[in-house]
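Good morning, colleagues. Please take a moment to look at the sequence and the model, and then I shall take you through several of the features computed from the atoms.

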Amino acid sequence: MDIKKIETYSDLPKYGSYVLVNGVDKKTYDIRMWHVCEMNDLEDGLDFRDTGQFYWLTENGTRIEEVTHWCNLPKLTNKL
């Protein structure tokens, strides 16, 4: 996996893509771990450009903060 560190606006994934992000879910013990999130809000990207921070949301709406890295989801095959 190619893990990318988020340091500048250009380090963010493409909008509309689901990715793994490394960050903190403040509701679950403040533990840093990997979460599946969608990069879907241009406004968030603009917040990052202005402040260097923003939060991500998982599919069920859990807020993930302090995201420092991301990577693409692994490719799945139809073989079970």
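There are 6 salt bridges in this structure, a salt bridge being a side-chain nitrogen of Lys or Arg within 4 Å of a carboxyl oxygen of Asp or Glu. Before I go through some of them, a word on the basis: this is a predicted model, in which local features need pLDDT of at least 70 and side-chain atom pairs count only at pLDDT 80 or more, while totals for chains, interfaces and linings use all residues. Residues are numbered from 1 along each chain as its sequence is written, and side-chain values use heavy atoms, with hydrogens and water left out.

As background, side chains of opposite charge can pair when their charged atoms come close. One of the salt bridges joins Asp-30 to Lys-26, with 3.5 Å between the closest N and O atoms.

Strands here are DSSP runs of at least two residues, marked E, and helices are runs of at least four, marked H or I; both are numbered from the N terminus. Glu-66 is partly exposed, at 42%, and Arg-32 is likewise partly exposed, at 37%.

Arg-63 and Glu-65 also meet in a salt bridge, at 3.2 Å from N to O. Arg-63 is partly exposed at 40%, and Glu-65 is partly exposed at 23%. Through shared partners, salt bridges join Lys-26, Asp-30, Arg-32 and Glu-66 into one network.

Let me turn to strand pairing, where two strands pair if DSSP finds at least two bridges between them. Which strands pair with E5? Strand E1 (residues 4–5) pairs with E5 in the antiparallel sense over 2 bridges, and Lys-4 has Trp-70 as its bridge partner. Strand E2 (residues 17–25) is antiparallel to E5 over 6 bridges, with Val-19 opposite Asn-72. Strand E4 (residues 56–57) is also antiparallel to E5, over 2 bridges, and here Trp-56 stands opposite Ile-64. The hairpin of E4 and E5 has 5 residues between the strands, and within this hairpin Gly-61 takes a positive phi near 90°.

Next, consider Met-39, a residue of strand E3. Met-39 is buried, at 2% relative accessible area. Apart from neighbours within four places in sequence, Met-39 has contacts (heavy atoms within 4.5 Å) with residues including Leu-12, Pro-13, Phe-54 and Trp-56. The C-alpha atoms of Met-39 and Tyr-18 lie 6.4 Å apart, although 21 residues separate the two along the chain.

Finally, the cysteines. How many disulfides does the structure hold? The count is 0, where a disulfide is a pair of cysteine sulfur atoms within 2.5 Å. Cys-37 is buried at 0% relative accessibility, and Cys-71 is buried at 1%.

Key. Buried < 20%, exposed > 50% of the residue type's maximum accessible area, 1.4 Å probe, protein only.
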